[in-house]
Amino acid sequence: MGCADRGGSAVPRRHWQVRSSKLPYWTRTHAPVGIQLAVALDRFGHHGNGVCLNRSMLLWGISKGTMVNYTNRVMTAIECCLKNEISWPNRLERTRIASVFAAGGFPGCIGLVDGTTIRLSQRPAEDGETYFDRKGDYSINAQIISDDWKRIIYFFTGMPGSYHDVTCLCQSSLWKRMHSQQQHLLFDRGQYLLGDSGYTSGERLVAAFRNAGGDKDKTDFNTCIAHVRIANEHCIGILKSRWHSLKEVRTQLKNRAENQYLVRWVRCCILLHNFLNRRRDDWTEADGPIEVEVEPEVQIPDPPTPPLDERAMIARGRRRRLEVQSECLAYMRNGNGH
């Protein structure tokens, strides 16, 4: 890592120091960067008792405060040095991604969106009931958008786990830009994201049908989306399999600052995920199984009647989905794809 935070300023790694209360400040020595990095990665890569400060203290032979300082410095260094690892694809990259997804019947798709939850070990102190999700855990929601290489190009997290995926996505800066005059900076003509039936279709987001019923066209279209979207589920599975702390965070959210710290923790894990992904450090069977989340069967209630302007947007989204559906099924029934 090239830099870290000490006293609020970025400094070269050679100036990182071990804060030992047993020595006067003029005799304190530098801590090896490898040790600080190893301590932080060890905490990122474990969950439950594995990330407990007592366990890490015995393993590394350092105090709890020193271990927290190491982790904070490495997190600052990751955010400083790897900040460009999470970026929206430019025009050339979008064209390449769309050409890959075209083989699955979606020539305009440039990303896959899905939601996941990050479990908390304790009930948050404020409004704890809102964090109680449908799986019976306290958690926060995370919206993940990935490309064909399982690289995460956007994420939004921090909202309570009981919130619906589409509710969380609508609060993100991406959603606001998607429905503003800046959308041409994110999408070219005919480009969109693919999501499951938990999302609402729009001009830039095509979602699966909620109730296909006995309609063969809707069923076939949902199947095509599922075949393509499995890449996003694998991406989330690899992220959590590599950085186990995202399976359960041992913390109690007591205030806004701790929530923001948790968001930083998630961001660092995603930055490291993309860093390894870009260097083709692929997850293999030798590294362990990819744990793909199985969503419980829940009945999604019909949303309340939206205002007129929102109803017009939903109508345009449905027309857009029908266009994509027609294009996809025509491609598949001509002997292409799955």
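A: D147 has a relative accessible area of 2% and is therefore buried, where buried means under 20% relative accessible area, exposed over 50%, and partly exposed in between (1.4 Å probe, protein chains only). The model is a predicted one, in which local features need pLDDT of at least 70 and side-chain atom pairs count only at pLDDT 80 or more, while totals for chains, interfaces and linings use all residues. Residues are numbered from 1 along each chain as its sequence is written, and side-chain values use heavy atoms, with hydrogens and water left out.

The partner of D147 in a salt bridge is R151, with 3.4 Å between the closest N and O atoms; the term denotes a side-chain nitrogen of Lys or Arg within 4 Å of a carboxyl oxygen of Asp or Glu. R151 has a relative accessibility of 13% and so counts as buried. Side chains of opposite charge can pair when their charged atoms come close. K150 is found in the loop between strand 4 and strand 5 (152-160); helices (H or I, at least four residues) and strands (E, at least two) are DSSP runs, numbered from the N terminus. K150 has a positive phi of about 65° although it is not a glycine, and its relative accessibility of 26% is why it counts as partly exposed.

The structure holds 17 salt bridges. One of them joins R267 to E79, the closest N and O atoms being 3.1 Å apart. This pair links distant parts of the chain, since R267 belongs to helix 8 and E79 to helix 3 (residues 64-81), 188 residues apart. R267 counts as partly exposed because its relative accessibility is 29%.

In helix 8 (residues 256-278) there is also V266, which counts as buried because its relative accessibility is 2%. Leaving aside neighbours within four places in sequence, V266 is in contact with I118, F155, T157 and L246, contact meaning heavy atoms within 4.5 Å.

A further salt bridge pairs R320 with E323, at 3.3 Å between the closest N and O atoms. Both residues lie in helix 9 (residues 308-333), three residues apart, about one turn of the helix. R320 counts as buried because its relative accessibility is 18%, whereas E323, with a relative accessible area of 49%, is partly exposed. Elsewhere, salt bridges that share partners join D114, D196, R229 and E233 into one network.
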